[in-house]
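Here are a few friendly notes to read alongside the model. They go from the overall layout to helix packing and then to the aromatic rings.

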Amino acid sequence: MEDRGSGGGAPGTDRQARAVRLGPRSVVALTLVSLIGVAAFGWPLLAGSASGLAHSRDAPWLFAALLPLLLAVVVATIADAGLDAKAIAMLGVLAAAGAALRPLGAGTAGIEPMFFLMVLAGRVLGPGFGFVLGAVSMFASALLTGGVGPWMPFQMLAMGWVSMGAGLLPGADRLRGRREPVMLAGYGAVASVLYGTVMNLQGWPYIGSLVSGVAFVPGDPLPENLARFVAYCLATSLGWDLPRALVTVVATLTVGPTVLKALRRATRRAAFDAPVGFEDA
């Protein structure tokens, strides 16, 4: 008897690995949590001058909403794709690895090596699994480094989007070889910069007033505030975002192919989405 679904290490078996399927319930859960995240990041831009802005007030409510929504994404993904304990175990291992990678840069000039792992894992395991992995990894790293604060739920959302976006890239079943790491490196560079830009929305309305000329002005027209926001990003965070992007590109191009093969091998052996067939020897 021959087990066709086991992978077995034969040439080309990496092509048998499949991302975790994104079913209708997963789509609904991801859409809901993303809409809440967009509203949480962007509502200060639409707030009036007397709104009394403070993420220290809304962050606990966002965190309280985020946890059950993350659980809903996990449950929906399990229901849609038939995942079992092996998938949850892989989620835990990858989240622990991501949390351990983040402190290696010690926050120096935006050097955060966890980004490349989140991109590669999202690519192999799919957008639903990737979103949960990114959010859980950031939560675990915050506990590990003591970085718990009003910013944490926003970091969880932003990192979830980074990993989810990698899972939505085209050619997951066909694109292999040198082109795939190049594509993922390009995505990682863009996502690293966008992560910093999105996270600026979390803090800029409250600390931007310390920087004259680029401060957020509650009640001002949206285009004027957006222009100040762009200036704020260029003046303050670009020096962190570009090194983060560079580290992600270098790590993806150097160790990315090896990590992709390891993740696909683990996915294949876990048989997340691989039917098993038998035939006479």
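1. A word on terms before the count: helices here are DSSP runs of H or I with at least four residues, strands are E runs of at least two, and both are numbered from the N terminus. On that basis the protein has 10 helices and two strands. Please keep in mind throughout that this is a predicted model.

2. Layout along the chain. Starting at the N terminus, the elements follow the order β-α-α-α-α-α-α-α-α-α-α-β. Of the 281 residues in the protein, 48% are buried. If you look at contacts between residues at least 6 apart in sequence, 81% of them join residues at least 24 apart.

3. Helix α3 against helix α4. How do the axes of these two helices cross? Helix α3 (residues 85-101) and α4 have axes that come within 8 Å and cross at roughly 160 degrees. Angles over 145 degrees count as roughly antiparallel, and therefore α3 is described as roughly antiparallel to α4. On the α3 side the contact involves Met 90, Leu 94, Ala 97, Gly 98 and Leu 101, while α4 contributes Met 114, Phe 116, Leu 117, Met 118, Ala 121 and Leu 125. Sorted by class, this contact of α3 with α4 has 10 nonpolar residues, one polar and no charged ones.

4. Helix α4 against helix α9. Helix α4 (residues 114-125) also packs with helix α9 (residues 238-254), at an angle of about 55 degrees and with the axes 8 Å apart. That angle makes α4 oblique to α9. The crossing in which α4 passes α9 is right-handed. From α4, Phe 115, Phe 116 and Leu 120 meet Arg 244, Thr 248, Ala 251 and Thr 252 of α9. The class tally for the contact of α4 with α9 is four nonpolar, two polar and one charged residues.

5. Aromatic pairs around Trp 204. The aromatic pairs come to six by the ring-centre rule. One of them, Trp 204 with Phe 229, is tilted, at 5.1 Å centre to centre and 55 degrees between the planes. Trp 204 sits in helix α7 (residues 179-207) and Phe 229 in helix α8, so this pair ties together parts 25 residues apart in sequence.

6. With Trp 204 in helix α7 and Tyr 232 in helix α8, the pair ties together parts that are 28 residues apart in sequence. Tyr 232 is buried, at a relative accessible area of 6%. Ring pairs link Trp 204, Phe 216, Phe 229 and Tyr 232 into a cluster.

7. Arg 228. This residue is found in helix α8 (residues 222-236). Which residues does Arg 228 touch, leaving aside those up to four places away in sequence? They are Trp 204, Gly 213, Val 214, Ala 215, Val 217 and Asp 220. For Arg 228 and Ala 215, which are 13 residues apart along the chain, the C-alpha atoms are separated by 6.5 Å.

Methods: Residues are numbered from 1 along each chain as its sequence is written. This is a predicted model: local features need pLDDT of at least 70, side-chain atom pairs count only at pLDDT 80 or more; totals for chains, interfaces and linings use all residues. Side-chain values use heavy atoms; hydrogens and water are left out. Axes are lines fitted to C-alpha atoms, for helices over the stretch in contact, and angles run from 0 to 180 degrees between N-to-C directions. Angles under 35 degrees count as roughly parallel, over 145 as roughly antiparallel, 65 to 115 as roughly perpendicular and the rest as oblique. A crossing is left-handed if the near helix is turned anticlockwise from the far one by less than a right angle, and right-handed if clockwise. Contact means heavy atoms within 4.5 Å. Ala, Val, Leu, Ile, Met, Phe, Trp, Tyr, Cys and Pro count as nonpolar, Asp, Glu, Lys and Arg as charged, and the others, Gly among them, as polar. Rings of Phe, Tyr and Trp (its six-membered ring) pair if their centres lie within 6.5 Å; planes under 30 degrees apart count as stacked, over 60 as edge-to-face and the rest as tilted. Buried means under 20% relative accessible area, exposed over 50%, partly exposed in between (1.4 Å probe, protein chains only).
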